[in-house]
Amino acid sequence: MAGPLVYLRAGTKDQSVLARRGDDLRIDWGYLYVAAPNEPGLIQTIGSGFLHTGFPTFKVSEDPVEKLVLLGYDDRYSVRFFHHKLMPWWRSHPDDG
């Protein structure tokens, strides 16, 4: 839980930064986050290979209803340079103001 939000984080245990070689590859490290406002009846679960965020049921009417879901991705290390894992530039260089 992060303030008024609840969230799920999913990623692999082995965060192998740039471990595979070849063409047509995607990154397979980092974490996916799914966040939603903490409200009664909200359900978040992690199953085998999927994340689930479910909102409480509500009656359909002419009144509009809004629901918020935030998706994010973050990696702890972005590259490997001379056998050293390096943090993302924005994380390792705070704004000097």
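Reader: What makes Glu39 and Lys67 a salt bridge?

Author: The closest N and O atoms of Glu39 and Lys67 are 3.1 Å apart. The term asks for a side-chain nitrogen of Lys or Arg within 4 Å of a carboxyl oxygen of Asp or Glu. The distance of 3.1 Å meets that limit, so the pair is called a salt bridge. In general, side chains of opposite charge can pair when their charged atoms come close.

Reader: How was the model made, and which atoms and residues count?

Author: The model is predicted, so local features need pLDDT of at least 70 and side-chain atom pairs count only at pLDDT 80 or more, while totals for chains, interfaces and linings use all residues. Residues are numbered from 1 along each chain as its sequence is written, and side-chain values use heavy atoms, with hydrogens and water left out.

Reader: How many salt bridges does the structure hold, and what distant parts of the chain does the pair link?

Author: The structure holds one salt bridge. Glu39 lies in the loop between E2 and strand E3 (43-47), and Lys67 in the loop between strand E4 (50-54) and E5, 28 residues apart.

Reader: Why does Glu39 count as partly exposed?

Author: Glu39 has 22% relative accessibility. Buried means under 20% relative accessible area, exposed means over 50%, and partly exposed is in between (1.4 Å probe, protein chains only). Glu39 at 22% therefore counts as partly exposed, and Lys67 at 38% is also partly exposed.

Reader: What makes Ala36 buried?

Author: The relative accessible area of Ala36 is 0%, which is under the limit for buried residues. Ala36 is found in strand E2. Leaving aside neighbours within four places in sequence, Ala36 is in contact (heavy atoms within 4.5 Å) with Pro4, Leu5, Val6, Leu42, Gln44, Thr53, Phe55 and Leu68. Ala36 and Tyr7 are 29 residues apart in sequence and 6.5 Å apart in space, C-alpha to C-alpha. Of the 97 residues of the protein chain, 15% count as buried.

Reader: Where is Gly41 found, and which residues does Gly41 touch?

Author: Gly41 is found in the loop between E2 and E3. Not counting residues up to four places away in sequence, Gly41 touches Gly54, Phe55 and Pro56. Gly41 has a relative accessible area of 46%, so it is partly exposed.

Reader: How many helices and strands are there in the protein chain?

Author: There are one helix and seven strands; both are DSSP runs, numbered from the N terminus (helices H or I, at least four residues; strands E, at least two). From the N terminus on, the order of elements is β-β-β-β-β-β-β-α.

Reader: How do you know that E1 and E2 pair?

Author: E1 and E2 share six bridges in the antiparallel sense. Two strands pair if DSSP finds at least two bridges between them, so six is enough. In E2, the bridge partner of Leu5 is Pro37. Strand E2 (residues 31-37) and E5 also pair in the antiparallel sense, over five bridges. Tyr33 has Gly72 in E5 as its bridge partner, and Ala35 stands opposite Leu70 in E5.

Reader: What makes E1 and E5 edge strands?

Author: The open sheet of three strands has the order E1-E2-E5. Strand E1 (5-10) and strand E5 (70-74) each pair on one side only.

Reader: What do E3 and E4 form?

Author: E3 and E4 form a hairpin with two residues between them, and Gly49 in the turn has a positive phi of about 90°. E3 and E4 pair in the antiparallel sense over five bridges; one of the partners of E3 residues in E4 is Leu51, which faces Ile46 across a bridge.

Reader: Which residues form the nonpolar patch on the surface?

Author: Val79, Phe81, Phe82 and Leu86 form the patch, with about 400 Å² of accessible area together. Patches are made of residues with over 30% relative accessible area and no salt bridge: like charges are joined within 9 Å, nonpolar side chains (Val, Leu, Ile, Met, Phe, Trp, Tyr) within 5 Å. Areas come from the Shrake-Rupley method with a 1.4 Å probe; for residues, only the protein chains shown count as cover.

Reader: Why does Phe82 count as exposed?

Author: Phe82 has 63% relative accessibility, so it counts as exposed. The place of Phe82 is in the loop between strand E6 (79-81) and strand E7 (84-86).
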